[in-house]
Amino acid sequence: DCFPNCMKKIIADLNSGVNVPHSGRFAIASFLLNIGFDVDRVVEVFRNAPDFDEEKTRYQVEHIAGMRGKGEEYTCPNCDTMKSWGLCGWDCGVNHP
């Protein structure tokens, strides 16, 4: 209930089997990791995606978490970026999910 509307929408879409764009997948993965979800729990969020591939999803989530690649931990995009990507249509007063 405390999640920003944009994140609730992405999760609802994933749960419904909607093919969420890469930008939305990145946003929700980075958001969840930054609020304390572990990699396994984030991977589970993507399970209903129509193109779900556990190995690829795990690799990408681990990369966002800083466990692969250069070791950089990514943060969730700010609200202006979320709006420019078409992932947010609310004015909820949050500047950065």
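Trainee: So buried means under 20% relative accessible area, exposed over 50%, and partly exposed in between (1.4 Å probe, protein chains only); what share of the 97 residues counts as buried here?

Mentor: The share is 39% of the 97 residues. Keep in mind that this is a predicted model, where local features need pLDDT of at least 70 and side-chain atom pairs 80 or more, while totals for chains, interfaces and linings use all residues. Numbering starts from 1 along each chain as its sequence is written, and side-chain values use heavy atoms, without hydrogens or water.

Trainee: Fine. How many helices and strands does the protein have?

Mentor: There are five helices and zero strands, both being DSSP runs numbered from the N terminus (helices H or I, at least four residues; strands E, at least two). Read from the N terminus, the order of elements is α-α-α-α-α. The radius of gyration is 13 Å, close to the 13 Å that the globule rule gives for 97 residues, so the protein is as compact as a globular protein of that length. That radius is taken over C-alpha atoms, and the rule is 2.2 Å times the number of residues to the power 0.38.

Trainee: And what box do the C-alpha atoms fill?

Mentor: Roughly 35 × 30 × 25 Å, along the principal axes.

Trainee: Let's go inside. Which residues of the largest nonpolar core touch the most other members?

Mentor: Out of 27 residues in that core, they are Met-7, Ile-10, Leu-14, Ile-28, Val-42 and Met-82. Helix 1 (5–15), helix 2, helix 3 (39–45) and helix 4 each put in at least two residues. A nonpolar core is a set of buried Ala, Val, Leu, Ile, Met, Phe, Trp, Tyr and Cys residues joined through side-chain atoms within 4.5 Å.

Trainee: Which helix gives the most to this core?

Mentor: Helix 2, with seven residues.

Trainee: You listed Met-7. What is Met-7 in contact with, beyond four places in sequence?

Mentor: With those neighbours left aside, Met-7 is in contact with Ala-27, Ile-28, Phe-31, Cys-76, Met-82 and Pro-97. Contact means heavy atoms within 4.5 Å. Ile-28 and Met-82 are also among the core residues that touch the most other members.

Trainee: What about contacts across the protein: what share joins residues at least 24 apart?

Mentor: Taking contacts between residues at least 6 apart in sequence, 50% join residues at least 24 apart.

Trainee: Now Phe-46. Where does Phe-46 sit, and is Phe-46 buried or exposed?

Mentor: Phe-46 lies in the loop between helix 3 and helix 4. Its relative accessibility is 5%, so Phe-46 counts as buried. Not counting residues up to four places away, Phe-46 touches Leu-14, Arg-25, Ile-28, Ala-29, Phe-52, Thr-57 and Val-61. From Phe-46 to Tyr-74, 28 residues apart in sequence, the C-alpha to C-alpha distance is 18 Å.

Trainee: Another loop residue, then. Which loop holds Met-67?

Mentor: Met-67 is in the loop between helix 4 and helix 5 (79–84). Met-67 counts as exposed because its relative accessibility is 55%.

Trainee: What does Met-67 touch?

Mentor: Apart from residues up to four places away in sequence, Met-67 touches Val-39 and Glu-62. Val-39 is 28 residues from Met-67 along the chain, and their C-alpha atoms are separated by 9.9 Å.
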